[in-house]
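Please open the structure in a viewer and keep the selection tool at hand.

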Amino acid sequence: MIYQRTIASIAEVTGIGIHSGKKVKLRLVPADADFGIVFQRVDLDHKPLIPAKADNVGATENNTMIGSGVDAVHTVEHLISALYGLGIDNVKIEIDGPEVPIMDGSSISFIFLLKEIGIRNLNKSKNFMIIKEPVLVEHDGKWAKIEPAKNLSIKSTIVFAHPAIKVQAKEFVFNCESYVNEISRARTFGFMKDVVYLKRRGLAKGASLDNAIALDDFKVLNDQGLRFKDEFVRHKILDTIGDIALLGHEIAGKVTTYKSGHHVHNLLCRKILENPQCYEICNASEISPAQERSFQLPSDVLVPV
Ligand SMILES: [Zn+2]
């Protein structure tokens with residue numbers, strides 16, 4: 001039996017938003033079973049609760065924003081990806097600003113934090129979304145699909161007319177340990193030629209070489225270079241996991257993406273939710289031992305009840 005998880009104690013982290021450039025504090029608070037992942041904007045008078053759900057995504061330009069109007073949180077994808085990566089189902093995320101801190105541009109800082117405070121099983125079965133029929137979405141030459149499969153896997157292809165990227169493809173079969181080792185350290189990236197345009201649109205105000213891979217027309221500008229030869233497509237997989245985790249369940253399905261971004265990922269989630277014949281929600285007693293294994297954690301992370 002595999003149980004729903006929350007964090008073992010309260011954790012706090014401070015950083016800046018990559019788009020807003022604003023300093024923000026996150027406070028992660030343990031939550032009960034079936035609470036889900038819910039943000040709370042504690043800087044606003046009415047302290048709105050904003051569920052991290054695919055049907056609550058409000059904007060997808062260069063980041064995934066949940067909520068609407070001022071009751072919103074931007075750039076949730078790397079934190080949500082880290083929580084899914086460690087199989088954490090329930091946590092309240094108090095935030096005193098409009099955007100999740102970018103940390104180093106990957107999800108590894110959140111992984112370190114979550115592992116340090118520990119993870120606790122709750123006394124209720126995890127829920128799984130088992131994909132039964134293929135779902136495909138396309139937009140502007142970009143596409144994503146999901147098909148039935150025993151476990152979650154993601155095959156991403158990215159195409160950039162840049163000598164440091166070109167075409168990169170990678171298939172990743174999800175399990176918690178591989179997520180930490182192969183995906184969580186991959187950073188977001190951006191092109192210097194886009195900076196003026198992005199800043200004019202109020203984006204990338206906090207971007208720097210400390211929180212993103214930066215590229216000029218020819219090469220990577222960061223002194224230390226890349227963390228993986230194919231770090232770009234690994235980050236695409238990190239983002240994809242963060243975006244489809246907003247379905248709100250552990251997912252058993254094979255995801256394939258081509259030139260996709262947050263918008264296409266959200267279209268895929270919404271189309272799945274709009275077509276209930278395409279999936280089934282099961283609890284842990286109905287899944288196979290192999291499916292269960294993909295959510296096993298290293299023993300040092302789990303805190304006994
Ligand atoms: Zn990203």
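Helices, of at least four residues, and strands, of at least two, are DSSP runs numbered from the N terminus. On that basis the chain of this predicted model contains seven helices and 21 strands. Its radius of gyration is 18 Å, close to the 19 Å that the globule rule gives for 305 residues, so the chain is as compact as a globular protein of that length.

**The whole chain**

Next, show the contacts between residues at least 6 apart in sequence; 76% of them join residues at least 24 apart.

The accessible surface comes to about 13400 Å², and carbon and sulfur atoms account for 50% of it. Of the 305 residues, 54% count as buried, where buried means under 20% relative accessible area. Colouring by charge brings up 37 positive and 37 negative charges, whose mean positions are 3 Å apart.

Select residues 262-274, which form helix α6. From its first C-alpha to its last, this helix of 13 residues reaches 18 Å, close to the 18 Å expected at 1.5 Å a residue. Which residues of α6 are buried? They are His262, Val264, His265, Asn266, Leu268, Cys269 and Ile272.

Move to residues 108-117, helix α2. Here the buried residues are Ile108, Phe110, Ile111, Leu113, Leu114 and Ile117.

**Lys199 and its surroundings**

Select Lys199, in helix α4, residues 192-200. Its relative accessibility is 41%, so Lys199 counts as partly exposed. Show the residues around Lys199, leaving aside its neighbours within four places in sequence: Lys199 is in contact with Ala204 and Lys205. Although Lys199 and His19 are 180 residues apart along the chain, their C-alpha atoms are separated by 8.4 Å.

Start with Asp55, in the loop between β5 (49-51) and β6 (57-59). Is Asp55 buried or exposed? With a relative accessibility of 55%, it counts as exposed, the cut-off for that class being over 50%. Draw a distance from the C-alpha of Asp55 to that of Gly97: the two residues lie 42 places apart along the chain, and the separation is 22 Å.

The next two stops concern backbone angles. Most residues other than glycine have a negative phi.

Select Asp34, in the loop between β3 (23-30) and β4 (37-41). Asp34 is not a glycine, yet its phi is positive, about 65 degrees. Its relative accessible area is 43%, so Asp34 is partly exposed.

Finish at Asp140, in the loop between β12 (135-139) and β13 (142-147). What is the phi of Asp140? The value is near 60 degrees, which is positive in a residue other than glycine. Asp140 has a relative accessible area of 66% and is therefore exposed.

Terms used
Residues numbered from 1 in each chain as written. Predicted model: local features only at pLDDT ≥ 70, side-chain atom pairs only at ≥ 80, totals over all residues. Heavy atoms only, no water. Rg over C-alpha atoms; globule rule 2.2 N^0.38 Å. Buried < 20%, exposed > 50% of the residue type's maximum accessible area, 1.4 Å probe, protein only. Contact = heavy atoms within 4.5 Å. Areas by Shrake-Rupley, 256 points an atom, 1.4 Å probe, with all protein chains shown as cover. Lys, Arg positive; Asp, Glu negative; His and termini not counted. Charge placed at Lys NZ, Arg CZ, Asp CG, Glu CD. Expected span 1.5 Å × (residues − 1).
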